[in-house]
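Hi,

Here is the structure I promised to pass on. Have a look at it first, and then read my notes below.

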Amino acid sequence: MLSNWIVPVLVGLCCAVLLEASVRITNYTDEWDPKYLDVDLRVRRLDKTTAIDFDLDLKQELDKNVEYDVRLCKRTAGKYHQMMYTGKQQLCGKDLRRSRNLLDRYIASELVKHSNLTTRCPIRTGHYEVRNFEIDDRHLMMSVVPSGEFQIEVGVYHRGKEIKKNRWFVTAT
């Protein structure tokens, strides 16, 4: 099952990987609060796609006060300009497999196949992992990817404190 609190991080990853059929991941950053968790994120290039392996050791139990946000920025004239911002959204209690958002549904259904994550809150301490997670480049969402350079930023918050942030830099052609 998919852990709701880790979904935003993986949504950001998937946004980057979704572009992989016509995009190259040029760089990424992975920051976290070591009081809450330890993370080992690996991105591997395959022939025509990217695979993501993700190990996370959760040190503190997370109650239902977990939020996330996602920013999508496009580079224009040498600067990144925001194209989309979700605002902070609650995670616990959402069933992303039934979301109206096609990306949420797709990611949730695929991650269940590649991980030991859970959908239940509170989220218990322990080791969580994702192995060989790939996005199918034949998926409908691939057809809407524009050309350009992008930054995808995903934040995860517990009780208002940022505990995880990822930035993905991708080039779509």
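**Salt bridges and the core**

Let's start with Arg-167, which counts as partly exposed because its relative accessibility is 21%. Keep in mind that this is a predicted model.

Arg-167 forms a salt bridge with Glu-153, with the closest N and O atoms 3.1 Å apart. That pair ties together distant parts of the chain: Glu-153 sits in strand β8 and Arg-167 in strand β9, 14 residues apart. Glu-153 itself counts as buried, at 14% relative accessibility.

Arg-167 also has a side-chain polar contact of 3.0 Å with Glu-31. Glu-31 is part of strand β1 (residues 23-32) and is partly exposed, with a relative accessible area of 37%. Setting aside neighbours within four places in sequence, Glu-31 is in contact with Ile-163, Lys-164, Lys-165 and Arg-167.

Which residues join up in a network of salt bridges? They are Glu-31, Arg-71, Glu-153, Glu-162, Lys-165 and Arg-167.

The structure holds 16 salt bridges. Among them is Asp-53 with Arg-44, at 2.9 Å from N to O; Asp-53 counts as buried at 8% relative accessibility, while Arg-44 is partly exposed at 31%. Another joins Asp-40 and Arg-42, with the closest N and O atoms 2.6 Å apart.

Then there's the largest nonpolar core, with 28 residues; Leu-37, Leu-56, Leu-58 and Leu-62 have the most contacts inside it. Strands that each supply at least two residues of this core include β2 (37-45), β3 (50-58) and β9 (161-172).

Cheers

Conventions: Residues numbered from 1 in each chain as written. Predicted model: local features only at pLDDT ≥ 70, side-chain atom pairs only at ≥ 80, totals over all residues. Heavy atoms only, no water. Helix = DSSP H or I, 4+ residues; strand = E, 2+ residues; numbered from the N terminus. Buried < 20%, exposed > 50% of the residue type's maximum accessible area, 1.4 Å probe, protein only. Contact = heavy atoms within 4.5 Å. Polar contact = N/O pair within 3.5 Å; in protein donor to acceptor, adjacent residues only side chain to side chain. Core = buried A, V, L, I, M, F, W, Y, C linked by side-chain atoms within 4.5 Å. Salt bridge = Lys/Arg side-chain N within 4 Å of Asp/Glu carboxyl O.
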